[in-house]
Every structure is written in structure tokens, then in C-alpha cells.
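Reader: Hi! Could you walk me through the charged side-chain contacts in this one?
Author: Happy to, let's bring it up.

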Amino acid sequence: MGPTHRIGKYRVEREVLDEQRLEEITQRKTFSDTRPSLTERLKDSLRCTLPQLKRSVMSSLPVLYWLPKYSVWDYGMPDLISGISVGIMHLPQGLAYALLASVPPVFGLYTSLYPALIYFFFGTSRHISIGTFTVLSIMVGSVTERLAPDTDFLIRNETNATVDITARDSYRVQVAAATTVLGGLIQVALGLVKFGFVGTYLSEPLVRAYTTAASAHAVVAQLKYIFGVSPMRFSGPFSLVYTLKDVCSLLNHTHLPTLVVSVVSMVFLIAAKELNSFLSPKLPVPIPVELITIMAATFLSSYTHLNSNYTISVVGEIPSGLSSPTVPDVSIFGEVIGDAFALAMVGYAISISLGKTFALKHGYKVDSNQELVALGLSNAAGGFFQCFSVCSSMSRSLIQETTGGKTQMAGAASAVIVLVTILKLGPLFQELPKAVLAAIVFVNLKGMFKQHSDIVTLWRSSKIDLVVWLATWVSTLLLNLDLGLAASIIFALLTVIFRTQMPTYSVLGNIPGTELYVDIETHREAREIPSVTIFRSSATVYFANADLYLEALKEKSGLDISKMIIYKRRQEAKQRRKERRAERRAKRQAKREGRAQKAAQQLSGVSVFSVEEEAGRWKVTCVDGSVTDKEEQDWTERENGTVFVMPTTPQTPEGPCRWEYLKGGEPDCASLGYMCEDGDTITLGSSSEDTLSHDLERVSLGSLGKWTWDIHSIIIDLSTANFIDTVAIKTMKNIFLDFSEIDVDIYLAGCQTSVVEQLERGDFFCDSITKRHLFVSVHDAVLYCLNHRGATSFPRYVPSADTYSDTKF
């Protein structure tokens with residue numbers, strides 16, 4: 001072990017501060033002073049000054065901020081090289097991911113062009129590459145296949161039925177464009193209302209599990225191109241299972257030439273990518289493996305006529321030139337609004353996570369709200385040009401960053417490469433086999449399948465995150481991508497609620513010689529303060545865990561309030577019975593003396609003790625609440641003393657009360673389970689109180705645990721609470737009232753200013769609960785408790801002597 005480094009010591013001498021005294025010293029502002037009124041805030045938002053206008057324009061169009069400062073000498077060549085590298089990757093990925101979206105491949109090229117140009121003007125990240133992405137493509141594909149299945153476009157003739165591919169693909173493009181526009185509008189709206197933080201609800205384990213499960217959907221969707229089969233199309237929950245089952249049943253009809261092309265392409269891609277990774281430290285620019293693959297495959301397919309000779313499916317016609325913008329079919333919005341919202345959330349979560357990662361690495365800031373607007377505009381504008389949903393791609397973004405990209409200019413350069421391909425080179429890829437594109441998708445999903453290793457990592461670090469990961473993975477696989485995402489988010493939120501309802505409750509002890517307080521169960525040197533219990537919860541107190549909080553406080557303090565209140569009332573009842581017995585004895589003694597005087601005045605006769613007269617002064621209430629009449633009581637006086645006839649069991653419908661003769665003086669009501677009142681009535685006044693009376697006799701002092709001579713004060717540490725609602729305020733009030741019944745003082749410590757304000761607005765403070773019960777820190781509260789209850793010094797534990805010595809500090 002290395003040497004212990006002592007930083008130093010400090011000594012502070014000040015008065016013990018409660019909340020009231022702190023406000024006097026600091027002159028805390030009121031809530032109305034700290035926050036302007038609604039009218040003032042509205043005026044500020046509508047007030048327009050030149051600096052405000054400039055800031056607003058700069059924040060809405062970030063390109064105006066960085067473009068005038070752009071240095072061609074410093075950034076021009078790195079951005080150009082990076083843009084060319086990313087543009088080359090756009091081509092095969094755009095063509096391949098269009099198959100995932102179930103639209104013609106050329107629309108994948110459009111999707112790689114228009115959104116990237118829009119993001120150039122509105123985006124704030126310098127390194128992410130906007131365009132097609134596996135997960136979003138498969139999500140769009142599930143929508144297009146659901147709304148435009150092959151069965152809706154069958155052309156029947158005399159012998160068989162064929163699918164009108166042209167009409168089907170045209171409608172699928174409309175569905176994809178409408179879904180993309182609606183998702184983009186949702187993103188823009190959320191960004192304008194500063195709702196960018198919504199992406200934080202999609203935690204990293206959730207996003208990684210979702211993308212991992214989505215990769216399985218992508219693989220299954222490409223199996224038909226790999227094996228050259230035509231399975232049925234399924235949608236909705238368990239569609240993955242049904243599709244996989246159908247593909248397996250068709251394996252005996254596998255088209256062998258297509259399978260050979262797929263296997264050769266995958267082997268080549270995997271080998272080339274491994275070589276690329278091995279040589280990456282020595283290569284300034286990665287080898288464009290996918291581009292080389294599609295160029296070679298297109299060349300071989302053209303000269304060997306794979307489509308005509310071996311009936312291998314190819315991409316088909318790719319029109320040259322740009323398509324004109326069209327207004328999306330608004331009537332589709334109602335059917336795809338749920339899918340559009342899911343696309344908006346997933347796309348934003350992936351983009352902002354990548355953007356913040358690169359921003360942290362390179363030392364600049366990404367505006368989450370502006371990123372939401374930029375991504376929304378990219379989708380909304382792209383939808384008018386028949387693009388499908390986009391977000392940042394991890395593989396292209398890494399290429400853009402590792403090849404030296406400095407600004408968004410690299411994204412513009414990649415868009416130019418795609419533009420040239422669409423205008424001049426598109427028709428060259430018409431003979432490209434679809435099996436090659438499916439192989440590219442397969443190989444590019446390798447990184448996502450590696451995310452299954454998260455299971456091992458999360459098992460070691462966080463079981464809760466592991467459960468979220470597994471629940472997201474299973475729900476996405478089985479319930480499809482849209483319902484799976486909704487179920488995953490709900491489950492993740494439930495884990496948060498569960499963790500707030502199951503926090504760690506602890507009793508704090510003092511570290512000797514300091515003002516620090518830690519959990520006595522996890523720190524050996526922590527020492528409890530005599531007669532003071534310091535209670536803390538690791539979570540804030542609110543309506544969902546308020547009852548649990550109260551129960552934990554009772555358990556940790558060792559005080560069973562209910563039994564202690566019963567025991568206290570029992571002692572008070574005993575005292576009242578003693579006083580009333582003494583009073584009745586005095587009255588009877590006075591009556592005896594009066595009778596003796598009468599007897600002395602009488603000439604003759606024997607003094608007779610009237611049972612009826614005495615019985616008239618007694619009523620007996622049984623435990624079940626039934627009152628016996630005085631005629632039912634037989635009081636007699638014997639020579640050896642007075643005999644009382646008393647009921648010892650309650651009267652029931654099956655039979656009368658059981659009576660016993662008690663010899664001697666007056667009966668002990670407590671021994672029979674009754675409580676004496678005026679007129680010798682043994683009652684509590686109500687049936688519920690009769691039950692309490694029965695409980696009083698069963699409570700023993702030994703079952704109460706600690707009593708007020710063990711604990712006289714409880715300090716509740718609220719430093720972990722960042723808010724407190726009305727239910728929690730009522731719970732705190734009840735704590736004060738309940739513990740005051742057993743003479744235990746309650747104090748709060750460490751309340752944040754916002755919590756104090758919420759207590760004030762919730763009418764927490766009253767005559768019995770004032771700000772004198774709130775302390776700045778736990779240490780202030782401890783010192784007050786010790787001084788308030790008679791102690792004048794602070795106990796410090798002395799390890800060597802294993803005793804307490806009084807030391808002030």
C-alpha cells in the first residue's frame with residue numbers, strides 16, 4: 001500500500017443554525033422574488049432586441065455561426081477526404097437499406113442525399129453522418145409491408161395470380177414518405193417546445209438492446225434474398241417468429257445460384273473487412289469494401305447475365321436524375337402516427353447519443369433541442385422527395401471522424417458524391433444482384449450482434465439495467481419494433497418507480513471527531529449518538545413511497561408507535577382508576593361513618609348491608625359491549641367479608657356471561673379486562689375502544705423495544721430529497737404528531753431551498769411545527785438535540801478505551 005496523503009484540516013466555529021435562523025442571516029428571498037410573474041415572462045418572450053434576434057437566428061441556423069469562421073486551409077482537405085470516404089459508404093448502404101424499407105433501391109440513394117444537405121444547415125454536431133440506418137429502415141419496412149402487402153396488388157389471370165410490382169412499390173413509397181414526414185414534424189414540434197430531454201428516457205441499455213433486437217428483424221427480412229425464396233409477409237406481434245418459421249419451411253426450395261452469390265459475397269466482405277481492420281493503423285483512408293463489392297458484383301452480373309441465365313433477382317431499373325418533390329398522402333397519417341412517433345424517438349435517441357459522444361471527445365457542445373429540430377427538418381423535407389426516415393449511422397460517423405472530418409462540410413461533400421451517383425452513375429447498378437445487397441446488410445450487422453456481450457457486462461455492473469436490456473430485447477423480438485419500443489419504455493419507467501419504492505433506508509452514526517454522518521451498518525467506525533436516531537432514505541419521498549417511508553422509520557428507530565401509544569394510554573387509565581378508587585373509598589368510608597352514627601341513635605336492631613342499594617351504584621360492561629343490569633348482579637355481604645359477583649366472560653347469543661365470586665374488597669377491574677369509569681362503569685365508551693381495551697392488557701413493556709428513555713429525538717435527513725409533494729408533506733406531519741404522542745421530538749435536516757418552499761406552500765408549518773424544527777445540517781440538529789435534552793457536550797468515541805468521553809467541538 002502506498003503512503004497515506006493528508007490534505008489538511010479545517011476548523012469552523014459558528015452557531016447552531018435552524019431554518020428560521022438561517023433565513024434571518026441569509027435574507028432568503030421569497031418565491032415570488034426568485035421567479036418573475038407569468039406576465040413578466042410573457043413580456044420577456046415577446047420582447048425583441050437586436051442581441052436577442054441575433055442569438056435566435058444563430059441558434060436556429062447554426063451554419064451562420066461556424067461557416068463564416070470556416071478555414072479552408074485548416075479544414076478543407078480533411079473534410080474533403082472524409083466526405084468522399086463517407087459518400088462512398090452511402091452508396092452501397094443506401095441501396096441495401098432500401099431493401100429493408102421495402103422500397104426500390106434508388107430511394108435509398110435519395111435518402112442519402114436530401115436529409116444530409118438539410119442537416120448541413122441546421123445541425124450542431126460536426127461528426128455524425130445523417131442518412132439511412134438499419135434500425136429505422138426495418139421499422140419503415142414493417143409499416144410499408146403492413147399497409148401495402150402483396151395480396152392487395154394481385155393480378156389474376158386464367159392460370160395464376162401475379163403481383164403488380166410497379167403499383168405496389170409506388171404505394172409503398174407513398175407510405176414511407178408520409179410516415180417520414182409525420183415523424184419529422186413530431187421531432188420539430190418537440191424541439192420547438194424544448195422537449196429535447198425526452199431522449200434521455202431512452203437509456204443506453206434500452207437503445208442498445210432495441211438495436212440488437214432490430215438487427216435480428218433485419219436479418220430475418222433479408223433471408224428471402226439470401227436463399228432466393230418467397231415467404232409470406234407477416235405484421236404485428238410475433239411476425240418475426242411466423243416469418244422465420246415460413247422461411248425454414250421453404251428452405252428445401254432454396255434457389256442455389258442466389259445462395260452461392262450470397263455466400264461468396266459474405267465471405268469476401270468479411271475477409272476484406274478483417275483485412276481493413278488489420279491495416280487500419282497504416283491506412284489514411286479505410287478501403288471502401290462495400291463499394292468494391294457492389295462494383296465487382298455488378299460487373300460480373302452484367303457480363304454473365306445472371307438475371308436471364310440463372311434467374312437471380314437484380315436491382316432493376318434505376319432512373320437517372322432527381323425526382324420532383326410531391327406532397328405526401330395526408331390520409332395515411334392516421335394509420336401511421338404511432339409508427340411515426342416511434343421512428344422519431346428512436347432516430348433522435350441514436351443521433352443525440354452519437355452526437356454527444358463525439359462532442360465530448362472533441363470539446364464542443366451539441367444542442368439537444370436544436371438537434372431534434374435539425375433531424376425533424378431533415379426527415380420532413382426529405383419526405384417530400386420520397387425519402388424514408390433517417391438518423392445518424394454509427395459506421396459512417398466513425399469513418400467521418402477517423403478520416404479527419406472537422407465540420408459539417410464533410411457531410412456536404414458526401415452528399416455531393418451521392419448526387420453525382422444519382423445523376424450519372426445510377427443506371428450502372430441496374431444489374432446488381434439483390435443477394436449482394438442482402439449480404440452487405442448481413443455483414444454490417446456484425447457490430448450490432450456483438451452487443452449481446454452487454455449481458456455479461458451488465459450482469460457484473462447493474463442487475464436492474466440487465467433486466468431492462470433483456471426485457472427490451474425480448475419485447476422487441478416478439479412484439480415487433482413499434483409495440484416493442486412502447487413496452488420497453490414503459491418497463492424502463494416502471495423500474496425507476498420500483499427503485500424509488502425500494503430505496504435504502506439507513507440509520508446514521510457520527511465519525512468520531514468530525515461533523516460527518518454515515519450509515520452505521522456499512523461503516524465500522526460510525527457511532528450512534530446516544531438517545532438520538534438519525535434516519536435517511538436514499539430516494540426522495542413522494543406519494544408512491546410515503547407509506548413505506550413511514551414504516552421504515554418506525555422499523556429503523558425501533559419504536560413501535562402503536563404499541564407504545566397503547567401502553568401509554570394503559571398507564572394513564574390505570575392512574576385514573578386508582579384516583580377513582582380512592583375517591584369511592586372515601587365516599588364509602590363517609591357513608592359507613594354516617595350509618596354508624598345512625599346506628600348509635602337507634603334503640604335496637606341489627607345493621608343490614610343493602611345489596612340492592614350498593615348494586616345500584618355499579619354497572620358492568622362486558623368486553624363485547626353488553627351491559628348487565630343491576631338485577632343480574634348479586635351482591636351479598638358475608639361475615640368474612642364482602643363477596644362481589646362479577647361477569648368474567650362476555651354474554652353471547654349461545655349463552656349468558658360467566659360469573660365468578662370474588663372475595664375481599666373491591667374487584668380489580670384491570671385483571672378482568674375492564675376499564676372502570678364513573679359510577680363503577682367498566683367501559684371505553686365505544687365498541688372499537690373495547691377492542692383497544694383488550695389490546696391494552698396484552699401489551700407488555702418488554703414488547704415495546706426502545707422507549708422514550710432510550711430515544712428522545714429523531715432526526716430525518718432530507719438532503720436526498722429534491723422535491724416533496726402533498727402526500728409526503730402529510731406523511732411528515734403525521735410523523736411529528738405520532739411521535740409527539742410518545743414524547744419523542746422530530747427534526748428535519750438538510751432540506752434544499754426548493755423543498756422548504758414546497759413545505760411552506762403545503763401548509764406544513766403550524767404552531768407545533770415551526771422552522772425551528774428544520775436544521776441546516778444533521779450536525780446542527782444533533783447538537784441542538786443534545787443541548788435541548790440536557791446534554792452540554794458532544795460524545796466522541798474513544799477506540800482505545802472503548803468508552804465515550806465528552807468533547808466539545
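**Salt bridges**

Author: Let's start with Glu-274, which is partly exposed, with a relative accessible area of 44%. Keep in mind that this is a predicted model.

Reader: Thanks! Which residue does Glu-274 form a salt bridge with?
Author: Its partner is Lys-446, and the closest N and O atoms are 3.2 Å apart. Glu-274 sits in helix H12 (residues 256-279) and Lys-446 in helix H20 (residues 446-449), so this pair ties together parts that are 172 residues apart in sequence.

Reader: And how accessible is Lys-446?
Author: Lys-446 has 37% relative accessibility, so it counts as partly exposed.

Reader: Switching topic: how many salt bridges are there by this rule?
Author: The count comes to 18. One of them joins the side chains of Arg-172 and Asp-150, at 3.3 Å from N to O. Arg-172 belongs to helix H9 (165-192), while Asp-150 is in the loop between helix H8 (134-147) and strand E2 (154-156), so the pair ties together parts that are 22 residues apart in sequence.

Reader: Is Arg-172 buried or exposed?
Author: Arg-172 is buried, at a relative accessible area of 2%.

Reader: Nice. Which residues are linked with Arg-172 in a network of salt bridges?
Author: Asp-150, Arg-168 and Asp-169 are linked with Arg-172 in that network.

Note on methods
Residues numbered from 1 in each chain as written. Predicted model: local features only at pLDDT ≥ 70, side-chain atom pairs only at ≥ 80, totals over all residues. Heavy atoms only, no water. Salt bridge = Lys/Arg side-chain N within 4 Å of Asp/Glu carboxyl O. Helix = DSSP H or I, 4+ residues; strand = E, 2+ residues; numbered from the N terminus. Buried < 20%, exposed > 50% of the residue type's maximum accessible area, 1.4 Å probe, protein only.
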